[in-house]
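I opened my notebook for a structure I had not looked at before. Here is what I looked up, entry by entry.

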Amino acid sequence: MPSDITSPDLAYAPIAPLLIVFAAALVGVLVEAFAPRAARRGLQIAVSVVGLLGALVATVLLAGTQELVFNDAIAVDGPALFLQGTLAVLGIASVLLISERSIDSSGGAVVARAAVLPGSREDTALAEATEVQTEVYPLALFSLGGMMLFPASNNLLLMFVALEVLSLPLYLMAGLARRRRLLSQEAAVKYFLLGAFSSAFFLYGVALLFGYAGSVELGDVVTATTTAGSNEGLLLLGVAMLAVGLLFKVGAVPFQAWTPDVYQGSPTPVTALMAACTKISAFGALLRVFYVGFGRTEWDWRPMLWAVAILTMVVGGVLAVTQTDVKRMLAYSSVAHTGFLLVGVVAISPQGLSGTLFYLLAYGFTTIAAFAVVTLVRDSAGEATHLAQWTGLGKKSPLVAGTFAFLLLALAGIPLTSGFMAKFAVFTAGVEGGATPLVIVGVVTSAITAFFYARVIVLMFFSEPAVDGPTVAVPSAYTAGAIALGLAATVVLGVLPQPVLDLAGDASRFVS
Amino acid sequence: MTDLPWLTILGIVPLVGALVVAALPNGRDALAKQVALLVSLVVLGLTIAMCAAFDPDGDRFQFTQAYDWIPAFGVQYAVGADGIALVLIALIAVLVPVVVLASWYDADPQADPLRREVSAGAAAAAAAGAGSSASSRRVGGGATAVLEAPPVPPAEQPVDELPPRRSVKTFFALLLVLETMMIGVFAATDVFLFYVFFEAMLIPMYFIIGSYGGPRRSYAAMKFLLYSLFGGLLMLAAVIGLFVVSASQGEGTFAFEQLLGLHESMSTTVEIALFSGFFIAFAIKAPLFPFHTWLPDAGAEAPVGGAVLLVGVLDKVGTFGFLRYCLPLFPEASRILGPYVIALCVIGILYGALLAMGQKDLKRLVSYTSVAHFGFIAMGVFAFTTQGQTGAVLYMVNHGLSTGALFLVVGFLVVRGRSRLIPDYSGVAGVAPILAGTFLVAGLSSLALPGLSTFVSEFLVLLGTYSRYPVAAVLGAIGVILAALYVLLMYQRTMQGPLRLPALLGERMRDLHLREVLAVAPLIALMLVLGVYPKPLTDVINPAVEATMQDIGQTDPAPTQGDGVVAGAENED
């Protein structure tokens, strides 16, 4: 029992990025409460973009910091800042996508009143109404704030809090699709139930580790693992449970089952946010837990991650082949990419860390742009996501189809795109780290994934368009901006990756 | 002159040309074609100047440049040409303008006066009630594996329907991008850079086949992409392995000349594993038996220009890769596995030739002949003799010329008759003598008639192989006989005998146009010249091959007098 409580030394400057995003989210809530309805949307967009830009600037200013703050609960170090900066930029892109109003006849991908019963008369009216709701912006900001905290948590309990902060708004946002309400609500419920389940695993793992180390600080866990005679069983079980929670969030097999349903049902801008940002954030946390907390006990958990990586690559790649819906296909592709990323994690080396960081950044940009393109292809019922509807898109709209084809090639890892450089980075780290068999599985699965990406290109370019095919909406500056950003990053990182590789290399050191 | 960055310029010119062509407004098709032709001719001119500046007795690699590209991976932008790369780049520079000229109307057949005429004739014939040959039009026809929208047109298509119009400028822009990639792949002296071009090269070709090809184009394009990509990814694993080995010896690098001595620090197992990664990629590319199954589909469905570049240049990357990367980087593994590769080559030579004989489809036939020819080239490479390797390099060039010409002429025939099937044609020589003549010359070159350039190379390959693998050489010589059979049978069936043309042509067939003659003439001229006087090529190739032999640590076996069993004496026509 501590006899007296010393107030912790609180350094606010190093966590400025987090504070700015959370402050922006709170301002967003106030705007929701007090601003007149007509002004809300504009204000919310401004608050979100300014907040995220501020966070980005703050991470840039903090670059090079390596310290533990808030009683060692929060780590401000290379990986954390790198991922926070990435999340801020991708967050802006997601907010732009959410703000798009001109491609759906009734404005926005997000439903005005989510509680209305799907299929009811009100619901039909709502689909045509131009009403918009703006709570989604503060929700997104809270979620992004949680995502930024997640990889920076050096304390397992704080990490759990961050996990919940990032997850709860996402559960809500998954259910906000304007079209296909039932699918969207199903996605939200599934995501919530499975997510809550995995959070419970995570928390149980934290409890077991507390039992093992007597503390939830990663630093104390490390100390405990180096002293012999501790209770190994608690450690192993705790690591496994923790891993379940984290692997669920990154969408690794066998915890991937939610991905296709949730990706498909959520409003596409929200899917983009989830696919890019959640994965980045969760990988950041995964890296910190395994590199910092259990760096000394790698032989205990490495075989587990090997198995998970192989399963994830193979299952993601193979199941993607059977998909007929663009969003589901991209979901399985994201599962396969999780597998490739795990190769970098398993390397357990600075190269593996920097490679994974680079991969996360490259993948995030490409994915956001890819989902943004998906929002453009529409028919009367909303987005036309069935692959057969994409037939001959190259004839109708060469620009959009060409963009999508390029993004798919990047996801397939063709040279001169960011995807190739990223894959190269993690695979090289994998071979150096003694994970050659994993890399072999990786290249073979890459060939499988190339098949379904190429198949979409075949459909778009080598087939004649269907007579009553979907139309391609002309986006406003919001979506166009997000696509341009993603595309530019994909090209630049594929041709001149050195500056970002340097950045990732410099950032590849955890503070402990 | 020699310190100009020749190779970089050569790579950039077509790329800029491609951007210009792509940026032209829609509807300026004629202009797009002219610009593409002009750019390709400029590249040809530059290449001739570069070849003039090349000093055969100078350094092994010339026109070298090296800049750091991605220091984090130890990757350099490093280019340079040895004699082998030089002649292959020259081949590209010759073939691309030829292809541009030959593909003038392939993207917009409606604009082609010749095809319109054929259509008009067909309409007249149909009006006369003579539309009985619909069944003969069936080509391939199997459903594609691609999702639920198979783009196979109905087999009973109206006879006079032209293939749909497609974007002209895109086609020519893709050709020019492809030229950049092809030059890059031969010019790279950094393994990573080579890999980048090796893979990136697939994409323009994928679109050329998939967008502008025949009825089963998406199936063929997909098969082409997946086979090549699969091989490429295995190579990626090997490239990474090579890098890691080099990193364990000091600084990680991809520079070819620094990697040369690396094999000494590898265990044989590692060397064999890395060799296999490269080898399978190249064997798929080349293609060697049993990795060849994509080629007949891709070659048959690609538009003629695409097929010429595919077989003429892209596939050479495989054999070039054997010679440049597999052998020097992994000499021990090459020695151990060489005999097995020779066995595959012999099987490929015989199997390709036999299958070629059995083909009814002209383009598939030509594709299968290439499988046989690539068997010869790879055999020359893996014979580990100077003669064999010089012959192989020479063969790469000559095969590009002769098979290129053969594909072009077949393409001209198919444009006229809209059928790729041999039984649809007979006695064409009577109505189109120039076409038949060029067909004959290209065919004879393909079967390596003495006096034509391919003879020299085939002879050298067999000679070089004989001194080390006599049995393989003898079996390969049988392939020469089979070559005579499939070429001459094809010629006899289509060009001689009583006149019979696809119904839509009636009794008339236009002979070659000036444009078509201009396209094919340079190839035939080169075949004749190099057949009599191959010295300029061998002078350049020999030092490079000798350097390669040194890398492998091989010397020629004591010369056994080649008894000349091989030299296509059975080519009586």
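I began with strand E3 (residues 377-379) of chain A, which pairs with E4(A) in the antiparallel sense over two bridges. One of the residue pairs is A:Asp379 with its bridge partner A:Gly382 in E4(A). I note here that I am reading a predicted model.

Next I asked: what is the order of the strands in the open sheet of chain A? It is E4-E3-E5, three strands with antiparallel pairing. Strand E4 (382-383) and strand E5 (471-472) of chain A are the edge strands, each pairing on one side only. As a reminder to myself, strands of a sheet pair through backbone hydrogen bonds, either parallel or antiparallel.

**Two helices in chain A**

I then looked up helix H16 (residues 398-412) and helix H18 (residues 436-462) of chain A. They pack at an angle of about 170°, and their axes are 9 Å apart. Angles over 145 degrees count as roughly antiparallel, so that is what I call H16(A) and H18(A).

Who meets whom? From H16(A) I listed A:Ala401, A:Phe404, A:Ala405, A:Leu408, A:Leu409, A:Leu411 and A:Ala412. Facing them in H18(A) are A:Thr449, A:Ala450, A:Tyr453, A:Val456, A:Ile457, A:Met460 and A:Phe461. By class, this contact has 13 nonpolar residues, one polar and no charged ones.

**Over to chain B**

Of its 573 residues, 61% count as buried. I also looked at its contacts with a separation of 6 or more: 82% of them join residues 24 or more positions apart.

The two strands came next. Strand E1 (residues 62-70) and strand E2 (residues 75-81) of chain B run antiparallel and are joined by six bridges. B:Gln65 has B:Val79 in E2(B) as its bridge partner. The hairpin of E1(B) and E2(B) has four residues between the strands, and B:Gly74 takes a positive phi near 70° there.

**Another helix pair**

Helix H1 (residues 6-23) and helix H5 (residues 168-187) of chain B pack at about 165°, with axes 8 Å apart. That makes H1(B) roughly antiparallel to H5(B). I noted a left-handed crossing where H1(B) passes H5(B). Among the residues that meet are B:Leu10, B:Pro14 and B:Val21 in H1(B), and B:Phe172, B:Leu176 and B:Ile183 in H5(B). The class tally for this contact is 13 nonpolar, five polar and two charged residues.

**Where the chains touch**

How many residues does each chain bring to the contact? Chain B brings 34 and chain A brings 32. On the chain B side, helix H6 (191-200), helix H7 (202-212) and helix H8 (217-248) each supply at least two residues. H8(B) gives the most, with 17 residues. I sorted the chain B side by class and got 27 nonpolar, four polar and three charged.

**One last residue**

I finished on B:Leu329, which lies in helix H13 (residues 316-329) of chain B. Is B:Leu329 buried or exposed? It has 25 other C-beta atoms within 10 Å, so I wrote it down as buried. Leaving aside neighbours within four places in sequence, B:Leu329 is in contact with B:Leu259 and B:His263. I also looked up B:Ser246, which is 83 residues from B:Leu329 along the chain, with 12 Å between their C-alpha atoms.

Methods: Residues numbered from 1 in each chain as written. Chains lettered and ligands numbered in written order. Predicted model: local features only at pLDDT ≥ 70, side-chain atom pairs only at ≥ 80, totals over all residues. Axes fitted to C-alpha atoms, helices over the stretch in contact; angles between N-to-C directions. Parallel < 35°, antiparallel > 145°, perpendicular 65-115°, else oblique. Left-handed = near helix turned anticlockwise from the far one by under 90°. Contact = placed C-beta atoms within 7 Å. Nonpolar A, V, L, I, M, F, W, Y, C, P; charged D, E, K, R; others polar. Buried ≥ 20, exposed ≤ 12 C-beta atoms within 10 Å, placed from the backbone. Pairing = 2+ DSSP bridges.
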